[in-house]
Amino acid sequence: MTWARLDDGFWRNEKVVGCSDAALGLHVRAISYCADQLTDGVLTKAALTMLRAGRPRVAELVDAGLWESAESGHLIHDYLVYNPSRQEVADEQAAKQAAGQAGGLASARARARAGGQAGGQASGQAESNPVPS
């Protein structure tokens, strides 16, 4: 799971102050979309349609300098300054997976050294002997 980052000074940024609430709502949804879909801040025409990005709002964000026009659609300005790239997310996920596997292997080795007790009982734990009925 990824997280989208929004600078805590966003509300007072000179690019933001002059924008309408509708344009800013679109901008925040677009940031969330890019983090979720790992687009590195690229908004394709299909993404803009899905985000219900009307031309006036898109133009407002471009004019404000929050978005840039690109061949594929639009790009959120400085997205990768504040958010990890697709590659960074993949690298972090791979590192976490490797750490989890290493932890599981270390746990298995520790259990084996402890005698591989049946049923996963810890050393010193009394064996259960239920009374027959």
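**Close-up views of pockets, core and cavity**

**View 1. Lining of the largest pocket.** The lining of the largest pocket comprises 8 nonpolar, 6 polar and 4 charged residues. The model shown in this and the following views is predicted. The volume of the largest pocket is about 320 Å³. Its lining has 18 residues, and those nearest the pocket centre are F10, H27, L66, H77 and Y82. Two or more lining residues come from each of α1 (14-17), α2 and α5 (79-82).

**View 2. Surroundings of L66.** Leaving aside residues up to four places away in sequence, L66 touches K15, V16, C19, L24, H27, L61, L75, I76 and H77. Among these, H27 and H77 also lie nearest the centre of the largest pocket, as does L66.

**View 3. Largest nonpolar core.** This core holds 22 residues, and L26, L43, L66, W67 and I76 have the most contacts inside it. The elements supplying two or more residues are α2 (21-37), α3 (45-50) and α4 (55-64). The top contributor is α2, with 8 residues.

**View 4. Second largest pocket.** M1, T2, W3, R5, P84, V89, E92, Q93 and K96 line it. By class, this lining has 4 nonpolar, 2 polar and 3 charged residues.

**View 5. The cavity.** The model has 1 cavity of 30 Å³ or more. The volume of the largest cavity is about 40 Å³. Its lining consists of T2, W3, A35, L38, Y79, N83, P84 and V89. Of these lining residues, 6 are nonpolar and 2 polar, with no charged residues. T2, W3, P84 and V89 are also in the lining of the second largest pocket.

Technical notes
Residues numbered from 1 in each chain as written. Predicted model: local features only at pLDDT ≥ 70, side-chain atom pairs only at ≥ 80, totals over all residues. Heavy atoms only, no water. 1 Å grid on protein atoms, 1.4 Å probe; cavity = no way out; pocket = protein on both sides within 12 Å on 5 of 7 lines; lining within 4 Å. Points joined across faces, edges and corners; volume = space filled by probe spheres on them. Nonpolar A, V, L, I, M, F, W, Y, C, P; charged D, E, K, R; others polar. Core = buried A, V, L, I, M, F, W, Y, C linked by side-chain atoms within 4.5 Å. Buried < 20%, exposed > 50% of the residue type's maximum accessible area, 1.4 Å probe, protein only. Helix = DSSP H or I, 4+ residues; strand = E, 2+ residues; numbered from the N terminus. Contact = heavy atoms within 4.5 Å.
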